[in-house]
Amino acid sequence: MSAIVEAIEEYRATLTKGVELIAVSKTFPKEYIEDAYTCGQRHFGENKVQELSDKAESLPKDIKWHFIGHMQTNKIKYIAPYIYMIHSVDSLKVLEAINKEAAKNQRTIKVLMQIHVAQEETKFGLLPEELYALLDEGKWKELNNVSICGLMGMASFTDDMQQVRNEFTTIKNIFDTCKGKYFTDNSDFCEISMGMTGDYKIAMECGSTLVRIGNGIFGKRYYQMQ
Ligand SMILES: *Cc1c(COP(=O)(O)O)cnc(C)c1O
């Protein structure tokens with residue numbers, strides 16, 4: 001068994017029931033993805049449009065690609081034909097642009113609204129009040145080619161695990177508020193994408209449904225080969 005397959009099996013054994021494992025393959029070569037694919041892994045995450053396009057073109061078509069990087073409106077067209085889910089929508093403008101490109105491809109694209117709860121200035125995402133304002137405005141309801149499936153967020157980069165837990169709990173509370181106020185009759189709105197290699201267990205305890213694991217799966221072997 002390869003180190004990658006071994007790592008995936010280890011992660012699977014620790015997942016809470018109903019949580020999906022996204023293998024974040026950004027910066028790793030496509031052979032690593034092929035390796036993960038052999039043990040049934042189908043959800044992969046990438047954060048650069050060009051890199052994702054190169055990989056998607058030559059890899060099996062039943063892979064479900066998740067875009068987790070900052071989304072520029074002018075690049076959506078390149079991934080719109082096949083992208084499974086875009087985790088990083090942080091404005092109405094981006095939402096409208098995705099809707100337009102999805103319509104051109106006669107499909108509906110699943111998206112998550114990215115919210116900012118971490119301490120760092122550099123992290124992208126909507127502040128909770130900005131998200132509520134966007135949802136209150138209501139224009140999103142007219143966008144028939146996007147399906148808002150939930151929220152994505154990142155905790156601060158810190159060793160203080162209590163702070164990480166508080167931030168994930170904040171994301172979960174914002175999700176519950178949105179669900180109750182805007183998406184009560186919408187069963188698509190059911191995903192919370194939070195948790196990475198260092199904090200995914202805490203994220204699952206706080207209600208995550210999608211964990212995004214990169215280095216924990218692919219890193220070890222990568223560093224061994226350097
Ligand atoms: C890189 C990345 C991950 C994976 O991080 P690891 O620490 O390698 O598990 C998860 N989410 C986002 C948004 C990322 O950019």
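What is the handedness of the crossing in which H6 passes H7? The crossing is right-handed. The views below are taken from a predicted model.

**View 1. Packing of helix H6 with helix H7.** Helix H6 covers residues 128-137, and helix H7 covers residues 161-182. Two packed helices are described by the angle between their axes and the distance between the axes. For H6 and H7, the angle is about 15 degrees and the axes are 12 Å apart. Angles under 35 degrees count as roughly parallel, and H6 and H7 are therefore roughly parallel to each other.

**View 2. Residues where H6 meets H7.** On the H6 side are Pro128, Leu131, Tyr132, Leu135 and Asp136. They meet Ile174, Thr177, Cys178, Lys181 and Tyr182 of H7. In this contact of H6 with H7, seven residues are nonpolar, one is polar and two are charged.

**View 3. Packing of helix H1 with helix H2.** Helix H1 spans residues 3-14 and helix H2 spans residues 30-37. Their axes come within 8 Å and cross at roughly 50 degrees. The two helices are therefore oblique to each other. The crossing of H1 and H2 is right-handed.

**View 4. Residues where H1 meets H2.** Ile4, Val5 and Ile8 of H1 meet Tyr32, Asp35 and Ala36 of H2. The contact of H1 with H2 is made up of five nonpolar residues, no polar residues and one charged residue.

**View 5. Surroundings of the ligand.** The residues around the ligand are Val24, Lys26, Ile68, Met154, Met196, Thr197, Arg212, Ile213, Gly214 and Asn215.

View 6. An N or O atom in the side chain of Lys26 is 2.6 Å from an oxygen atom of the ligand. Arg212 places a polar side-chain atom 2.8 Å from a nitrogen atom of the ligand. For Gly214, a backbone N or O atom lies 2.8 Å from an oxygen atom of the ligand.

Key: Residues are numbered from 1 along each chain as its sequence is written. This is a predicted model: local features need pLDDT of at least 70, side-chain atom pairs count only at pLDDT 80 or more; totals for chains, interfaces and linings use all residues. Side-chain values use heavy atoms; hydrogens and water are left out. Axes are lines fitted to C-alpha atoms, for helices over the stretch in contact, and angles run from 0 to 180 degrees between N-to-C directions. Helices (H or I, at least four residues) and strands (E, at least two) are DSSP runs, numbered from the N terminus. Angles under 35 degrees count as roughly parallel, over 145 as roughly antiparallel, 65 to 115 as roughly perpendicular and the rest as oblique. A crossing is left-handed if the near helix is turned anticlockwise from the far one by less than a right angle, and right-handed if clockwise. Contact means heavy atoms within 4.5 Å. Ala, Val, Leu, Ile, Met, Phe, Trp, Tyr, Cys and Pro count as nonpolar, Asp, Glu, Lys and Arg as charged, and the others, Gly among them, as polar. A residue is near a molecule or strand if one of its heavy atoms lies within 4 Å of it. A polar contact is a pair of N or O atoms within 3.5 Å; within protein, one must be able to donate a hydrogen and the other to accept it, and residues adjacent in sequence count only if both atoms are side-chain atoms.
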